[in-house]
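This report walks through one protein model, from its overall dimensions to individual residues. Please keep the sequence and the structure in view while reading.

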Amino acid sequence: MPIVTVQVTREGTTPDRNSVSSEEKAAIIKGVSQVLLDVLNKPLESTYVVIEEVDLDNWGWGGLPTQQYRQIRAAAAAKS
């Protein structure tokens with residue numbers, strides 16, 4: 001019985017939203033379950049997918065909070 005945890009930042013895919021929609025979550029669950037079926041031959045009914053939304057200020061990489069990292073990357077992209 002595989003259990004897969006997917007972590008995403010708590011932000012929407014459009015400016016007026018601040019979370020992942022139910023439809024997007026359903027698509028993630030379906031896609032992840034299908035990968036486990038295709039790769040490991042795990043039946044869909046035995047695969048559990050957990051989606052965790054992490055507040056944006058609790059997420060970071062490159063030694064920086066996400067928003068700061070994105071601002072730096074955007075500024076670098078604008079220069080090139």
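## Surface and overall form

The protein exposes about 5,900 Å², of which carbon and sulfur atoms supply 55%; accessible areas come from the Shrake-Rupley method with a 1.4 Å probe, and for residues only the protein chains shown count as cover. The model is a predicted one, in which local features need pLDDT of at least 70 and side-chain atom pairs count only at pLDDT 80 or more, while totals for chains, interfaces and linings use all residues. Residues are numbered from 1 along each chain as its sequence is written, and side-chain values use heavy atoms, with hydrogens and water left out.

Taken along the principal axes, the C-alpha atoms fill a box of roughly 50 × 25 × 25 Å. The radius of gyration is 16 Å, whereas a compact globule of 80 residues would have one near 12 Å; this radius is taken over C-alpha atoms, and the globule rule is 2.2 Å times the number of residues to the power 0.38. Of the 80 residues, 20% count as buried, where buried means under 20% relative accessible area, exposed means over 50%, and partly exposed lies in between (1.4 Å probe, protein chains only).

## Secondary structure and contacts

The secondary structure comes to 2 helices and 4 strands, and from the N terminus on the elements run β-α-β-β-β-α. Helices (H or I, at least four residues) and strands (E, at least two) are DSSP runs, numbered from the N terminus. Among contacts between residues at least 6 apart in sequence, 55% join residues at least 24 apart, a contact being heavy atoms within 4.5 Å.

Side chains of opposite charge can pair when their charged atoms come close. The structure holds 5 salt bridges, each defined as a side-chain nitrogen of Lys or Arg within 4 Å of a carboxyl oxygen of Asp or Glu. Arg10, Lys25, Glu53 and Asp55 are linked in a network of such bridges.

Arginine 10 lies in the loop between strand 1 and helix 1 and glutamate 53 in strand 2, so the pair ties together parts that are 43 residues apart in sequence. Glutamate 53 is buried, with a relative accessible area of 15%, whereas arginine 10 is partly exposed at 36%. Arginine 10 also meets aspartate 55 in a salt bridge, at 2.8 Å from N to O. Aspartate 55 lies in the loop between strand 2 and strand 3 (60-61), so its pairing with arginine 10 ties together parts that are 45 residues apart in sequence. Aspartate 55 is itself partly exposed, with a relative accessible area of 35%.

## A further salt bridge

The side chains of arginine 17 and glutamate 24 meet in a salt bridge at 2.7 Å, N to O. Both partners are partly exposed, arginine 17 at 29% relative accessibility and glutamate 24 at 24%.

Leucine 37 lies in helix 1 and counts as partly exposed at 27% relative accessibility. Leaving aside neighbours within four places in sequence, leucine 37 is in contact with Lys42, Pro43 and Leu44. By contrast, the C-alpha atoms of leucine 37 and valine 20, which are 17 residues apart along the chain, are separated by 24 Å.

Asparagine 41 is found in the loop between helix 1 (22-40) and strand 2 (48-54), and has a positive phi of about 60 degrees although it is not a glycine. The side chain of threonine 47 reaches the backbone oxygen of proline 43 at 3.2 Å. Not counting residues up to four places away in sequence, threonine 47 touches Pro2, Ser33, Leu36 and Lys42.

## A nonpolar surface patch

Met1, Ile3, Tyr48 and Val50 form a nonpolar patch on the surface, with about 440 Å² of accessible area together. Patches are made of residues with over 30% relative accessible area and no salt bridge, like charges being joined within 9 Å and nonpolar side chains (Val, Leu, Ile, Met, Phe, Trp, Tyr) within 5 Å. Isoleucine 3, one of the patch members, is found in strand 1 (residues 3-9) and is exposed, with a relative accessible area of 56%.

Notes:
Polar contact = N/O pair within 3.5 Å; in protein donor to acceptor, adjacent residues only side chain to side chain.
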